[in-house]
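I opened the notebook to record what I looked up in this structure. The entries follow in the order I made them.

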Amino acid sequence: MEHHVQIWKGLLRPKETVHTLRESTNIQGYRLRLLILLLCSSIVFGLLFYVNSEEWLNMPDARAMNLSDGQQLAASILIGVGGAIAGLVIPFVLIGAGALSSWGFFRDLGFKKLFVLNTYLFVIILFGLAANIPFMLKFGSTEILSPFGFGPWVKLLTDNVFLFTLAGWVTLFFIWHLIASTRLLHEASLKSSRYVYTVSIGLHVGFILVVSLINSMYHMHLNG
């Protein structure tokens, strides 16, 4: 059996396409779609690095170099180019990490098929990052909390880094990722619905808890 990779159809109507992945011995259309995804990722991360270049150039070591305006512009462009190059590698890291984290729970699919499923999900991550770029350009920083989530509202109520970082992860794109992940795994795997829901929700919640804790400890270290 062949599985034809159809990103949008897989994300929006997984029942019509993903069920063939479980029994497939051949995956069609994956390389072309992965290439397109890499090109889009390169553009998005290039812009993200370029937006963040001003903050990097304001670091003590960079300011000590006394760069002229022209040199700062050139440095910003180089940082953006570095981001574009990184954008060709980051998808493999994130997709691989996603596949690896769920591999122990879905051995019936195997790592290769989980890698394909997480390629579908990386599209959502890329959309979430791209949607924030206009706001980052407006405020000149990648440190802003996504306006598509609860982070900005929680930050108005508390300065607790753990809480507003945790809330900052709960965005429309995070919820979309959670729902899509659950639906894809439910269609592709032979596991029960309860098992799929429990694992998918557990992995997503565990991820944002760990990241928020690490960010909180990092800020505590910076503040002494």
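**Entry 1: Val81**

Is Val81 buried, partly exposed or exposed? I note that the model is a predicted one. I looked up the relative accessible area of Val81 and found 41%. The cut-offs put buried under 20% and exposed over 50%. Val81 is therefore partly exposed. I placed Val81 in helix 5.

I then looked at the surface around this residue. Val81 belongs to a nonpolar patch together with Tyr50, Leu73, Ile77 and Ile85. The accessible area of these residues together is about 460 Å². Helix 5, residues 69–86, gives the most to the patch, with 4 residues.

**Entry 2: the whole chain**

I stepped back to the overall layout. The protein chain has 11 helices and 2 strands. I read the order from the N terminus as β-α-α-β-α-α-α-α-α-α-α-α-α. The chain has 224 residues, and 38% of them are buried. I looked up its accessible surface and got about 13,100 Å². Carbon and sulfur atoms hold 68% of that surface.

**Entry 3: the core**

In soluble globular proteins, nonpolar side chains tend to be buried together. I looked for such a group here. The largest nonpolar core holds 36 residues. Leu11 and Leu117 have the most contacts inside this core. The elements giving two or more residues to the core are helix 1 (7–12), helix 3 (30–57), helix 6 (90–103), helix 7 (111–139), helix 10 (172–188) and helix 11. Helix 7 supplies the largest share, with 12 residues.

I listed the contacts of Leu11, leaving out neighbours within four places in sequence. Leu11 is in contact with Tyr120, Val123, Ile124, Trp176, Ala180, Arg183 and Leu184.

**Entry 4: Ser200**

I moved on to helix 11, residues 193–222, where Ser200 lies. Is Ser200 buried or exposed? The relative accessibility of Ser200 is 2%. Buried means under 20%, so Ser200 counts as buried. I looked up its contacts, again without residues up to four places away in sequence. Ser200 touches Leu178, Ser181 and Thr182.

**Entry 5: helix 9**

Which residues of helix 9 are buried? In this helix, residues 161–169, I found Val161, Phe164, Thr165, Ala167 and Gly168 buried. I then looked down the axis of helix 9. The buried residues fall within an arc of 165°, so they line one face of the helix.

**Entry 6: Leu32 and Arg33**

The relative accessible area of Leu32 is 53%. Exposed means over 50%, so Leu32 is exposed. Arg33 has a relative accessible area of 32% and is therefore partly exposed.

I looked up one C-alpha separation for each. Leu32 and Val5 are 27 residues apart along the chain, and their C-alpha atoms are separated by 9.6 Å. Arg33 and Thr119 are 86 residues apart along the chain, with C-alpha atoms separated by 9.3 Å.

Last, I listed the contacts of Arg33, leaving aside neighbours within four places in sequence. Arg33 is in contact with Val5, Gln6 and Ile7.

Notes: Residues numbered from 1 in each chain as written. Predicted model: local features only at pLDDT ≥ 70, side-chain atom pairs only at ≥ 80, totals over all residues. Heavy atoms only, no water. Patch = residues over 30% accessible without salt bridge, like charges linked within 9 Å, V, L, I, M, F, W, Y side chains within 5 Å. Areas by Shrake-Rupley, 256 points an atom, 1.4 Å probe, with all protein chains shown as cover. Salt bridge = Lys/Arg side-chain N within 4 Å of Asp/Glu carboxyl O. Buried < 20%, exposed > 50% of the residue type's maximum accessible area, 1.4 Å probe, protein only. Contact = heavy atoms within 4.5 Å. Core = buried A, V, L, I, M, F, W, Y, C linked by side-chain atoms within 4.5 Å. Arc of directions from axis to C-beta.
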